[in-house]
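Hello,

Here is the structure I promised to pass on to you. Have a look at it first, and then read my notes below.

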Amino acid sequence: MYKILSFTSIADNRGALIPIEQLKDVPFDIKRIYYMFDTKLDVVRGKHSHKYLEQVLICVNGSCKIMLDDGYKKEIIKLYDKNIGLYIGPNVWHEMFEFTKDTVLLVLASDYYNEAEYIRNYEKFLKYVKNNKTVF
Ligand code: T46
């Protein structure tokens with residue numbers, strides 16, 4: 001499943017700041033943070049699902065689109081707002097595309113990097129979700 005999270009921006013005459021706290025603003029303990037930038041035009045990243053990992057994607061600069069697929073239906077979400085986080089749970093095939101030149105996509109993750117819990121083959125993903133009956 002996925003959901004949109006809304007963060008509170010604290011602004012004063014110096015500018016703005018957005019705090020994000022684990023289990024308060026995101027629904028998991030944050031064990032890892034990574035961010036992607038300098039993504040080339042026309043590149044599609046992602047193209048996988050996770051068996052266990054939960055993540056929140058925040059576009060802190062520029063914009064990009066995220067295609068979400070639970071094996072039954074697909075949706076596209078455009079991220080362009082620093083106040084918005086896209087929560088992506090397990091068993092959601094996701095692809096990130098249409099990055100602008102200045103996009104910085106920040107990701108908060110519930111666990112350490114573990115290639116073994118990725119499903120990077122779409123046919124295997126479909127079989128996996130149909131057996132686990134996950135729908136969003
Ligand atoms: C995801 C989407 C949103 C690491 O060594 N450690 C890490 O924590 C990560 C995230 C990646 N890597 C290595 C693995 C690959 O050799 O960095 C390389 C690029 O990773 P990947 O091709 O998986 O990148 P994306 O942009 O396709 O996907 C990433 C995350 O991997 C993935 O979990 O959900 O962003």
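Which residues have the most contacts inside the largest nonpolar core? They are L57, I66, L68, L79, L86, I88 and L105, in a core of 16 residues. Please keep in mind that this is a predicted model.

The largest share, three residues, is from β7. There is also a second, separate core of nine residues, with L5, V26, F28 and Y87 among them. As background, nonpolar side chains in soluble globular proteins tend to be buried together.

Leaving aside residues up to four places away in sequence, L105 touches Y34, Y35, M36, L57, I58, C59, C64, L79, M96 and F99.

Now for the chain as a whole. The C-alpha trace spans about 55 × 35 × 25 Å along its principal axes. Of the 136 residues, 40% are buried. Among contacts with a separation of 6 or more, 77% are between residues 24 or more positions apart.

F37 sits in the loop between β4 (32-36) and β5 (45-50). With a relative accessible area of 46%, F37 is partly exposed.

Finally, the salt bridges: the count is six. One of them joins D111 and K31, whose closest N and O atoms are 3.8 Å apart. D111 is in the loop between β11 and β12 (118-119), while K31 is in the loop between β3 (15-17) and β4, so this pair ties together parts that are 80 residues apart in sequence. Both partners are partly exposed, D111 at 35% relative accessible area and K31 at 42%.

Two others to look up are K73 with E75, at 3.2 Å from N to O, and E115 with R120, where the closest N and O atoms are 2.6 Å apart. E115 is partly exposed at 34% relative accessible area, and R120 is partly exposed at 46%.

Enjoy exploring!

Best wishes

Notes: Residues numbered from 1 in each chain as written. Predicted model: local features only at pLDDT ≥ 70, side-chain atom pairs only at ≥ 80, totals over all residues. Heavy atoms only, no water. Core = buried A, V, L, I, M, F, W, Y, C linked by side-chain atoms within 4.5 Å. Buried < 20%, exposed > 50% of the residue type's maximum accessible area, 1.4 Å probe, protein only. Helix = DSSP H or I, 4+ residues; strand = E, 2+ residues; numbered from the N terminus. Contact = heavy atoms within 4.5 Å. Salt bridge = Lys/Arg side-chain N within 4 Å of Asp/Glu carboxyl O.
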